[in-house]
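Let us walk through a protein chain together, one part at a time. Keep the picture open as you read.

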Amino acid sequence: MVEKEDISTGGEPGISNKQTWWKEAIVYQLYPRSFKDSNDDGIGDIRGIISRLDYLQSLGINVVWLNPVFSSPNDDMGYDVSDYRNIMTEMGTMDDFEELLKGLHQRGIKLIADLVLNHTSDEHEWFVRSKSSRSDPFRNFYHWWPAEKGIPPKRSSVFHEEGAWTYDEQTDSYYLHYFSRKQPDLNWENPAVRKEMYAIMKFWLDKGVDGFRLDAFTFISKESGYPEIPEQYKDDYFSYYSSGPRLHDYLQEMNREVFCKYDLMTVGEASGITSGQALLFTGSERKELQTLYHFDHANWGRKTTSLYYPDENNRKLSDLKKIFTSWNTAFENDGWGAVYFTTHDQSRMVSRFGNDTTYRKESSKLLFTFLLSMRATPYIYQGDEISMRNIRFENITDYRDLHTINYYNHLAASGGDVQAFLTAQKEVARDNSRTPFQWSTKKNAGFTNGTPWINVNPDYDTINMESAEKDTGSTLHYVREMIALRKSLPVFVYGDYTLMEEESETLFIYTRRLEDTRVLVALNFSDHQNPLTLPADFTLVKVLINNYPGVNNEINNKVTLQPWQAIILEYK
Ligand code: GLC
Ligand code: CA
C-alpha cells in the first residue's frame, strides 16, 4: 500500500486522510457483455473493449471494475463461475485478457477483477465431484444436508421463492444456494476451499490485475449445523446471512495470505451491512478490506416489504441525504467508502434519481456532480456518461435476467399479479442497466452487426456516444470536466463534508473543506426553481462548475437555482 503523508483537515488528522491511489481513484464499471461486440455474435467481448480503450482514457477515469469474464454457463451472467482461471468463451481468450490489461496499464488505468467468493457454478468441477458421492474428497467444498435428517431448516434464496436448499437425487441430499440453483454456496469452513480461493486471487494478481471487487462476500460464513434462523431475522435474511460467525476471521486470513502482499485495491459488495458496522470491515487496524459499498440508497424508493416494487412514498430527499451523510460519518476518521448510483444490479441512475425526460441531461449532470464531489471513491457505470435511461421492457420475453424471469414465473404459477410486477420491473429490473452501450446512430447503436443478446434501447437515435461527442452541452463533456475538477483539487477527495439544509426535500447542499480550500456544492433535486441561501460568511472565489453555463455565475446573496441545477462554488 502506498501511504503518503496525512492531509490535515484542520482538526485531528484522521487516519482515513492518509493518501492512497485507491482513495483518489475514479472507477468506471464495465459490463463486458453489453459494452462492445467485436465478432458480431451479439455478445460484447474483450476485443470489443480493446477497440474502445482510447474512449475510456478520454473520460479521465483511472480504474476499471470489470464484471466477471471467467468461464461460466451464464445462468447469472458470469456470477456462476465454472473455471476461475479461464476466460469465458464468448468473452475471448486469455491472450485477449492480457492484451486488455496491458492496454489499460499503458493508458494509466488500473483493472479490478470481480471475484465471486460465495458460490461457484454447479458446472464447476468441484461441484461435479462434490455431488458425485458422499465420500468424494470434494464433498465438503459445499454445504450438504442429508435427506435422512428430514427437511433442512428454511433458508431464503435471492433468486428462487422455493428457498435456498435444493434436493439432489444422486446422493439423496440437499445443497445450499443463497442465489440460483446453479450457484451452490462454497463451504468456507473447509480450509481447502479457502486455500483454493487464495490461490485464485494470487493467480490474477500475479497476472497484473490491480485488485478485486468481492462479490457477495458478506455471505461466506455460515452457522454450522444450519440452525433455524432467529426470529429477529425472519424478514431480513440478508442481515442474517451477512452476520456469519467467522466472516471476519476469513477476511483477516485473506488479507494475511493475499492482500497484504500486493499494492492493490479491494472493494466489498456489502449486502446486509449497516454504516455502524463499516469500520469492522475497513478500519485500518482490522486488516480486512480497504473499501466497501452499501445498499442503503439502493433500497430507497423501494417497498420495504419487497425490493421488486418501487414505492413513490419512500422517495424523500431528506432520507437520501441522511443515508449518504451517515456513511460519510462512518468513514470520517478511519476506513474509506465508495459512492455510486447505477450498477449492473440497479436500474439507470437518471431514471431513478433524476428526471429522464424533460431534464435528462441536467439531472444526469447533477448526479455526476454529486458522485464526483463526495468523500468516497466514485463509481461510474458504463452508459451513464451519455445519460442512458431505463429501457422499460413491456414483455417478460424481453428480459434476460433470471431474477426477473424466476419471480415472474413464480407469480404466474401462484396466481399473483404479473401485470403489476411487469410495471414495477420497468423501474427496478436489473436488465434496465444491462442493455447495450449506445455508440452511434448505426444499426443496434453500433454495438453489434449481429443480433444483440438483449434489446438495444430504441432511444439510441438521439442518445449515443457519437452524438454526445459532437454536442458541447452533453453529459459526456460535463463528466470529463467534472472528473478533471475532482482530480485537480484534493478537497474533493480528502476534505471534510458538512451537510446543510438537512430538512429540505428539494435541495442537497454540502460543503467540503481541506485546510484553506472551501467549496460549496449546491444541487437542486427538483423540476422547479429553488432559492439558495449561502452561508453567512460567504465570499465567492470562483464558480468551479455549473451545469447551466451562464446562469448564476454572478453569485450574490440571492441565487435562484434552476431545475436540476448543480453548481460548485469555491469560497472564502
Ligand atoms: C452480486 C452480483 C449480482 C449477482 C449476485 C450473485 O450481487 O452483483 O449480479 O447476481 O452477486 O453472484
Ligand atoms: Ca462477441
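This is a predicted model: local features need pLDDT of at least 70, side-chain atom pairs count only at pLDDT 80 or more; totals for chains, interfaces and linings use all residues.

A helix here is a DSSP run of H or I at least four residues long, and helices are numbered from the N terminus.

Start with the whole chain. The secondary structure comes to 18 helices and 20 strands. The radius of gyration is 24 Å, close to the 25 Å that the globule rule gives for 572 residues, so the chain is as compact as a globular protein of that length. Along the principal axes, the C-alpha atoms fill a box of roughly 75 × 55 × 50 Å.

Now look at how the chain packs. Of its 572 residues, 62% count as buried. Take the contacts with a separation of 6 or more: residues 24 or more positions apart account for 69% of them. The chain exposes about 21900 Å², and carbon and sulfur atoms supply 48% of that area.

Next, zoom in on α4. This helix covers residues 94-106, which makes 13 residues. From its first C-alpha to its last it reaches 18 Å, close to the 18 Å expected at 1.5 Å a residue. Thr93 caps the N-terminal end of α4. A side-chain oxygen of Thr93 lies 3.3 Å from the backbone nitrogen of Asp95. After the helix comes Gly108, with a positive phi near 75°.

Which residues of α4 are buried? They are Met94, Asp96, Phe97, Leu100, Leu101, Gly103 and Leu104. Check the spacing of those numbers against a general rule. An α-helix has 3.6 residues a turn, so residues three or four places apart point the same way. What covers the buried residues of α4 includes the helices α2 (46-50), α3 (53-59) and α6 (191-207). The cover also includes the strands β2 (63-66), β4 (83-87) and β5 (110-116).

Move on to the ligand. How many residues surround ligand 1? There are 13, and the closest are Asp76, Asp215, Glu269, His344 and Asp345. Some side chains meet oxygen atoms of the ligand. A polar side-chain atom of His119 lies 2.9 Å from a ligand oxygen. Arg213 also places a polar side-chain atom 2.9 Å from an oxygen atom of ligand 1. For Asp345, an N or O atom in the side chain is 2.4 Å from a ligand oxygen. Taken alone, ligand 1 exposes 310 Å², and the protein buries 95% of that.

Asp345 leads us to Arg430. The side chains of Arg430 and Asp345 are joined by a polar contact of 3.0 Å. Arg430 sits in the loop between α15 (418-428) and α16 (465-470). Is Arg430 buried or exposed? Its relative accessibility is 10%, so Arg430 counts as buried. Beyond its neighbours up to four places away in sequence, Arg430 touches Asp76, Phe159, His344, Asp345, Asp401, Leu402 and His403.

Most residues other than glycine have a negative phi. Arg392 is not a glycine, yet its phi is positive, near 55°. Find Arg392 in the loop between β13 (377-381) and α14 (402-413). With a relative accessible area of 26%, Arg392 is partly exposed. Glu515 is not a glycine either, and it has a positive phi of about 50°. Glu515 lies in the loop between β15 (507-514) and β16 (517-524). At 46% relative accessibility, Glu515 counts as partly exposed.

Terms used:
Residues are numbered from 1 along each chain as its sequence is written. Chains are lettered from A and ligands numbered from 1 in the order in which they are written. Side-chain values use heavy atoms; hydrogens and water are left out. Helices (H or I, at least four residues) and strands (E, at least two) are DSSP runs, numbered from the N terminus. The expected span of a helix is 1.5 Å times one less than its number of residues. Buried means under 20% relative accessible area, exposed over 50%, partly exposed in between (1.4 Å probe, protein chains only). Contact means heavy atoms within 4.5 Å. A polar contact is a pair of N or O atoms within 3.5 Å; within protein, one must be able to donate a hydrogen and the other to accept it, and residues adjacent in sequence count only if both atoms are side-chain atoms. A residue is near a molecule or strand if one of its heavy atoms lies within 4 Å of it. Accessible areas come from the Shrake-Rupley method with a 1.4 Å probe; for residues, only the protein chains shown count as cover. The radius of gyration is taken over C-alpha atoms; the globule rule is 2.2 Å times the number of residues to the power 0.38.
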